[in-house]
Amino acid sequence: LLGIVHCVQGGGNYITEDLTSWLISPLSIMFKLNNGYLRQNQQLRAALERETALLAAQNCTALDEAELRMILAKLEIADTEKERGMLDQQLHQKIAKMANNPMLYSVSAADQLTETIISGIRGYIMEKKQSSSDIDEQHRQLVDAIVRKDAKLAEQRMSEHMETIEAYMNEMEQMIQLQM
């Protein structure tokens, strides 16, 4: 269930080769069971994202910079919001991977934690503004801080980004309450 042991029928049981992601499956299950609590999931996500941004800036390599910039470039030219949402999630997962902390990465990569929040918020922004340019600009500023290896600024930029997400979540909740 946890993904630590890999069973080969007729061949035995083995410790998985990729221990960096062994927590993803059980955490994904937990987040799916906890789906009604998006606010709490976002609070956890915000705390983790700030730390991953700080660590990513400390660990950023030339290859990491190239990959981050490539994701940003794809995000800017993406044709559909679905594609942009997937790239948004890919950017956050790349930053989490750069933190070089398997625990942070596993929690951040648990599908339900980021996928539902990112797709929901991006959908709302597009419906409201017809553009996600403010989010895109925050991503650019975040990546710039990370590749400059400015850990404090990266943490600050991620905090600003998470505050924006939370503000949109508040707006969405208010709209839902008004419709009731």
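Student: Among contacts in the protein chain between residues at least 6 apart in sequence, what share joins residues at least 24 apart?

Tutor: In this predicted model, 73% of those contacts join residues at least 24 apart. A contact here means heavy atoms within 4.5 Å.

Student: What elements does the protein chain have, and in what order do they run?

Tutor: The chain has 8 helices and 2 strands. Starting at the N terminus, the order is β-β-α-α-α-α-α-α-α-α.

Student: How much of the protein chain is made up of buried residues?

Tutor: The chain has 180 residues, and 42% of them are buried. To count as buried, a residue needs a relative accessible area under 20%.

Student: What makes L104 buried or exposed?

Tutor: L104 has a relative accessible area of 11%. The cut-off for buried is under 20%, so L104 is buried. L104 belongs to helix α5.

Student: Which residues is L104 in contact with, leaving aside its neighbours within four places in sequence?

Tutor: L104 is in contact with L48, E51, T52 and L55. The C-alpha atoms of L104 and E49 are separated by 8.7 Å, and the two residues are 55 residues apart along the chain.

Student: Why is α3 called roughly antiparallel to α7?

Tutor: Helix α3 (residues 62–77) and helix α7 (residues 133–147) pack at an angle of about 170°. Angles over 145 degrees count as roughly antiparallel, and therefore α3 is roughly antiparallel to α7. The axes of α3 and α7 are 10 Å apart.

Student: Which residues in α3 meet which residues in α7?

Tutor: From α3 come E65, L68, R69, L72, L75 and E76. They meet D136, H139, R140, V143, D144, I146 and V147 in α7. By class, this contact has 6 nonpolar, 1 polar and 6 charged residues.

Student: What is worth noting about phi of N100, and where does N100 lie?

Tutor: Phi of N100 is near 60°, a positive value in a residue other than glycine. N100 lies in the loop between α4 and α5 (102–109).

Student: How do you know whether N100 is buried or exposed?

Tutor: The relative accessible area of N100 is 63%. Exposed means over 50%, so N100 is exposed.

Student: What is phi of K149, and where does K149 lie?

Tutor: K149 has a positive phi of about 65° although it is not a glycine. K149 is found in the loop between α7 and α8.

Student: Why does K149 count as partly exposed?

Tutor: K149 has 47% relative accessibility. Buried is under 20% and exposed is over 50%, with partly exposed in between. K149 therefore counts as partly exposed.

Student: How many cavities of 30 Å³ or more does a search of the whole structure find?

Tutor: The search finds 1 cavity of 30 Å³ or more. The largest cavity has a volume of about 50 Å³. Its lining has 10 residues, and the closest to its centre are D88, I118, I121, R122 and I165.

Student: Which helices each supply at least two residues of the lining of the largest cavity?

Tutor: They are α4 (81–98), α6 (111–129) and α8 (151–179). The largest share of the lining, 4 residues, comes from α6.

Student: What classes of residue does the lining of the largest cavity have?

Tutor: The lining has 5 nonpolar, 2 polar and 3 charged residues.

Notes. Residues numbered from 1 in each chain as written. Predicted model: local features only at pLDDT ≥ 70, side-chain atom pairs only at ≥ 80, totals over all residues. Heavy atoms only, no water. 1 Å grid on protein atoms, 1.4 Å probe; cavity = no way out; pocket = protein on both sides within 12 Å on 5 of 7 lines; lining within 4 Å. Points joined across faces, edges and corners; volume = space filled by probe spheres on them. Nonpolar A, V, L, I, M, F, W, Y, C, P; charged D, E, K, R; others polar. Axes fitted to C-alpha atoms, helices over the stretch in contact; angles between N-to-C directions. Parallel < 35°, antiparallel > 145°, perpendicular 65-115°, else oblique. Buried < 20%, exposed > 50% of the residue type's maximum accessible area, 1.4 Å probe, protein only.
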